[in-house]
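I opened my notebook to write down what I looked up, one entry at a time. The structure comes first.

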Amino acid sequence: MTLIDPVAMWRFAARFARFTARRMFCLALWQTLCVALCLCAANGALAASARSVSSAASAAAGADASKSLEREIAEEQARAKARRASLTRLTEQERALNADLAVAEDRILRLEADMGRHENKLADLAASDAELQGRIEALKEEQGRTEKAMLEVLRALWELHARRVGVGGRDMPDWPVTDREQAWSAKMFAALDGYRADLARQGNELEAAVRRRDAVEKDAKARLALLNTEKERLLQSRLSYNRMLGDLRKQKRDTEEELVAVLDLVKNLNLRLEQSQERGDLEKAKGKLPWPAGGTIRTRFDPGAAPPSRGVTIARGGAVPVTAVHWGKVVHNDVLRGIGRVVILMHGSEYYSLYAFLSESSLRVGQEVARGETVGSAGFVPVLNGPGLYFELRFHQKAINPEQWLRSR
């Protein structure tokens with residue numbers, strides 16, 4: 001009699017239970033999604049006739065809108081080119097003005113140094129005025145003493161002369177006395193001539209010193225006047241340069257702001273053109289679609305597997321945003337049993353994208369969604385036992401391999 005290993009039996013039962021649960025889960029998921037897609041297809045079929053009637057007009061209108069956007073983009077790009085040329089010209093003008101201003105600043109500095117030297121010379125003159133004034137006072141005192149001595153000599157000579165004239169020479173003393181008086185008077189006259197020469201020399205020296213001082217002062221003041229005039233002119237030039245630089249920089253800032261605005265407008269127009277060209281035309285974006293969420297791919301498209309996998313399951317950490325892979329219209333946003341919140345976008349009239357196991361989504365049925373716009377947040381996926389996303393791409397009711405349409409990773 002063969003004995004059955006209870007441990008092996010338990011392991012087999014556990015594997016069978018997991019396999020059965022996984023298969024049942026996938027079948028339930030498939031059935032639920034089929035129901036949702038059938039409902040979406042039914043809604044799409046109701047609107048298909050209306051769309052087919054207006055498809056030609058819509059295509060023509062779309063072509064006209066694209067051409068209009070292209071013309072507008074070309075015009076704005078021309079404006080951006082003109083703004084760049086203006087910025088280049090303004091930058092060159094700013095550079096030239098800065099160079100001129102630097103020359104003026106250097107000239108002002110050299111003028112100020114030259115003015116400082118002349119101001120120091122005037123200060124030295126002012127300091128020497130006290131010394132010169134002292135010399136003048138000393139010369140005046142010396143002149144006074146010289147004049148006083150001359151008066152004494154003149155008085156003595158006058159008395160001698162008066163005595164000689166009054167007596168007519170009758171009471172003159174003896175000849176030796178007369179000879180001494182004659183010698184003394186000659187000496188006094190010589191002293192008087194010396195005093196007069198000293199006075200003349202002192203006066204000439206004083207006048208020469210005053211003339212030199214006045215000449216230096218006059219030259220320094222004239223030079224300072226010229227330097228002040230030149231400095232005032234340069235200061236006015238500096239003010240003019242600064243004013244022109246201020247106006248130029250303001251014009252440059254305005255032009256830069258205009259360029260930024262134009263580039264933003266061109267960017268938005270290109271985005272609108274791209275959206276207009278891609279709107280409802282998913283086939284042109286094959287292989288270029290962005291992934292709805294980053295993360296690790298845990299299950300891939302494999303409809304022949306047991307159980308079949310008709311989409312991809314992406315593991316993500318936390319409730320990260322899930323984004324639309326292409327422009328589309330929301331045709332379903334509700335909680336389905338076993339797969340949580342499901343959002344289905346219809347792209348044109350033939351393609352659908354499905355986002356399952358979302359933790360939340362604020363989209364409304366009928367709302368248009370742009371590529372990259374948030375569809376919802378990743379939620380708990382049972383097969384992952386953690387947060388993630390289940391994503392499908394369908395052509396009508398047939399599931400197609402999403403990785404052939406999404407960008408390579």
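How many residues apart in helix 1 are Arg117 and Asp114, and about how many helical turns separate them? I found them 3 residues apart, so about one helical turn lies between them. Helices here are DSSP runs of H or I with at least four residues, strands are DSSP runs of E with at least two, and both are numbered from the N terminus.

Before going on, I noted that this is a predicted model, in which local features need pLDDT of at least 70, side-chain atom pairs count only at pLDDT 80 or more, and totals for chains, interfaces and linings use all residues. Residues are numbered from 1 along each chain as its sequence is written, and side-chain values use heavy atoms, with hydrogens and water left out.

**Entry: salt bridges**

I looked up salt bridges (a side-chain nitrogen of Lys or Arg within 4 Å of a carboxyl oxygen of Asp or Glu). Side chains of opposite charge can pair when their charged atoms come close. The search of the whole structure gave 16 salt bridges. One of them joins Arg117 and Asp114, at 3.2 Å from N to O. Asp114 is buried, with a relative accessible area of 13%. I wrote down the cut-offs: buried is under 20% relative accessible area, exposed is over 50%, and partly exposed is in between, using a 1.4 Å probe and protein chains only.

Next I took Glu230. Its salt bridge with Arg107 has the closest N and O atoms 4.0 Å apart. Glu230 lies in helix 2 and Arg107 in helix 1, so this pair ties together parts 123 residues apart in sequence. Glu230 also meets Arg233 in a salt bridge of 2.6 Å, N to O. Glu230 and Arg233 are both in helix 2, 3 residues apart, about one turn. Glu230 is partly exposed at 21%, Arg107 at 31% and Arg233 at 45%. I also listed a network of salt bridges linking Glu94, Arg249 and Lys252.

**Entry: Thr255**

A polar atom of the Thr255 side chain lies 2.7 Å from the backbone oxygen of Gln251. Leaving aside neighbours within four places in sequence, I found Thr255 in contact (heavy atoms within 4.5 Å) with Arg83, Ser86, Leu87 and Leu90.

**Entry: strands**

I then followed strand 4 (residues 328-336). Strands count as paired if DSSP finds at least two bridges between them. Strand 4 runs antiparallel to strand 7 (residues 368-369), with 2 bridges, and Gly328 stands opposite Val369. Strand 4 is also antiparallel to strand 5, with 7 bridges; there Leu336 has Gly340 as its bridge partner. Strands 4 and 5 form a hairpin with 3 residues between them, and Gly338 in the turn has a positive phi of about 90°.

Note on methods
Polar contact = N/O pair within 3.5 Å; in protein donor to acceptor, adjacent residues only side chain to side chain.
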